[in-house]
Each structure stands twice: as structure tokens, then as C-alpha cells.
Amino acid sequence: MTKTGTITRRAALAGLTTALAAPAFRPSFAQAAPIKIGVLHSLSGTMAISETALRDTVLMMVEYQNSKGGLLGRRLEAVVVDPASNWPLFAEKARELLQVHKVDVTYGCWTSVSRKSVLPVFEELNGMLFYPVQYEGEEESRNIFYTGAAPNQQAIPAVEYLMGPDGGEAKRIVLLGTDYVYPRTTNRILRGFLNSKGITDADIMEEYTPFGHSDWQGIVSRVKTFANQGKKTAIVSTINGDANVPFYRELGNQGIKAEDIPCVAFSVGEEELAGIDTRPLVGHLAAWNYFMSVQSPANTEFKNLWQAYIKNPRRVTNDPMEATYTGFNMWAQAVTKAGTTAVDAVRTAVIGEKFAAPAGYTEEMLPNHHLSKPVMIGEIQADGQFNIVWKTPEVVPAENWSRFIPENANRRRG
């Protein structure tokens, strides 16, 4: 039986109600200093729509682990900061967590620009960051563990699906993204992949908008014109943050239906759809490694734990939350195995750790600090959930150095 920290998953499920629904119970801890967990997520600004739920997920896990005796006989204590969707402020807050609060591990960041802002801080001060969001790859740090998808675990399978018979056999692709490193690098990889499949640059439309962009009328109109050339067209969206709300609203306003121009998103999940009238979007797609609608015992545990903590049936789970949960459990297992929270010891211990994730697959932390993960395609439903229409039969090992970027030839493993 896979263990969560020092606790079996069966015992974890059995203890849900008493652990979280009865806050009057508090286990006794030794007099040792608490284990400090840094939380580095935007609680204000354009990315708060996505990152607030990740803060809540970490707080849930801290409370739950404490209800079961903490780790190594010590209480866990969350230290929450708000970098406010301000990329330079992420670096300042990371330094504060490491130097002032002396955190043992940090869970944080969504955008790649925020992660790249904090990376030199974590490397300089030898901190440990678990990063829970899909990203463009092209990175590997001894101080970061990447629990979201690499491009071969999301972007490339999604485009393959759109080009296949189940996805509509698209021959023209629209790449729409927020203007920063993740969309631009991911789309560079996708352009190389598409070219390798015989789709020329003339059949690829690529546009970028700033964070928080709200006026989508002109861009969506250009998408319709591009699609009206006699070839099946699909949209691939790397739009991030609250710009997704007016984007999807404009798709509906201009009558773009999934059967005509399907849109697959890489940064839209259940949390983002909670603020949108999804009825006009039924049938559009998202590519993730987890959906709330997954049917698995581990997902039932995860959702029950979430509801016992958040006490709001309208609050959903999503992929980055699941990646946070998986990363937290792997870290807890590694701390238990190492017998310490010291970064160097835990870094060694976490490699090879396995966890039966809510996605319904056993995931493993690989030597490149990325996970093996399944890939799933889901269709948006009227209730804001996703119907899973395709998934890989097994987990896919992460490739953080893409074969579609020529300069990576000497970096790729194997």
C-alpha cells in the first residue's frame, strides 16, 4: 500500500472526517521547532484566479498532515506570502521565505516567468521548490521539482489528437497565447512538431496578447477568417490567467462551436470554468494530466479530503491542485525516508519516489526532477466539468529537453 508521509492511504481516508471536520482535536508534538512550508502563490492580480486554489491545497495538506501527527514528530507550519502576479516580487518573496522564515520546502509559482524569477534565488540559497503547473520544459534545476507536465505530456499529445480522426483531422492550427516564455517556447516546439508532420508555416497562425487581455473581438474574427480557407482548423490555447474569461466569452459571442473550430486549452481547468457560462463552450477541449471527473479510488480520497477542508461543494479540484497534492505527498515520503527535512538529503530521497495519484496512475519522480504522468483530453461539459475522451494507457516519462528544438541534441537523456 502506498503511503502518504508516514500514513497509509487507507488510514488517511478513514480519518478524513475526524481529522478535518473536528478541528478541536490537536495531536501533541515534541518541543522541536516546526517544519515550515512556504506558499508562494499569487493571491491578487491577474493570476489569482488560478493560484488561490493552490494556496488552499497546500494549507489543506499542512492541516491534514498535522492531524495525523505531523512529520518526524514535528508540527508543520505554513508560511503564506502574496507575490501579487508581480514577477520581480516573486523573487523578493522567495528570498523572504528562505532567509527570513527559514522554510524547509516551498510550493509555488504558476507562470514560467515567475518560476524563472525565483530559480536563481532557490539555487543561491539551496532551497527546494515544488512547481505544480504544466510548462514549456527547457529547464532542469537541482533545486526545483516539476510536478506539472512537460510538453511531451500535454502539448504534443493534444495536437496529435486534434490532427487525428477523433479530434477532427485538423490541417490548420491557430496558436494563441499570453506573451511570455511558456506560450512562446511551447509554440516553438509545436511549430517544429507540426512542420515534421507536413503542416507548413502557411497553415499556422500565431498570435500573443498581454496578461489580463480583455478585447478578443478582433483576434477571434481573424481566427474565423483563417479557418475559412477550406481546411479543417483547430485552436491551441496557451492563454493564461483571467484573460481566459473574455476569450471564451468571445468564442461564444462569435458562434465558434467545437464541431467547427475546436479549441484545446493548456491552462484552463475546472477552476477557471467556474466563472464562465460554459454552455456555449460545450465540446471544446482541454489537455491535462488529471480531471476532477477521473474515476479512481485515489481521486475519491482527494476530493473527499478537499471538501472536508474547504466545506464548499462549489469549489472544484483541478490538475495543478492534484500536482500540488502529489508533490506534497512525495516530499513527505522523502522526508520520512531521509529522517530529516534537510534539502540535500530530501533531494536525494525523493528521486524514485512513487505515489498512487488521483489521476488513477502511479507516478514516479524521475532523475530529471520531473514526473512520469498520464495524458488526458477532456471535453467541456455544460456543468463546467470535463468528459475524458482520450487518455494514455500508461504514464509517460517527462522529456524536459524537447527533440523539436535543435540545440537540445546534446542535452537529451538517452
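**Ground rules.** I work with a predicted model, in which local features need pLDDT of at least 70, side-chain atom pairs count only at pLDDT 80 or more, and totals for chains, interfaces and linings use all residues. Numbering runs from 1 along each chain as its sequence is written, and side-chain values use heavy atoms, with hydrogens and water left out.

**Positive phi.** Most residues other than glycine have a negative phi. I looked up asparagine 126 and found its phi near 55°, a positive value. Asparagine 126 lies in the loop between α5 (112–125) and β6 (129–131); helices (H or I, at least four residues) and strands (E, at least two) are DSSP runs, numbered from the N terminus. Glutamate 138 also has a positive phi, near 60°. I located glutamate 138 in the loop between β6 and β7 (144–146).

**Exposure.** I use buried for under 20% relative accessible area, exposed for over 50%, and partly exposed for in between (1.4 Å probe, protein chains only). Asparagine 126 is partly exposed at 27%, whereas glutamate 138 is buried at 18%.

**Helix pair.** I then checked α11 (residues 297–310) and α12 (residues 319–338), whose axes come within 12 Å and cross at roughly 100°. Axes are lines fitted to C-alpha atoms, for helices over the stretch in contact, with angles from 0 to 180 degrees between N-to-C directions. Phe302, Leu305 and Trp306 of α11 make the contact with Met321, Glu322 and Tyr325 of α12 (heavy atoms within 4.5 Å).
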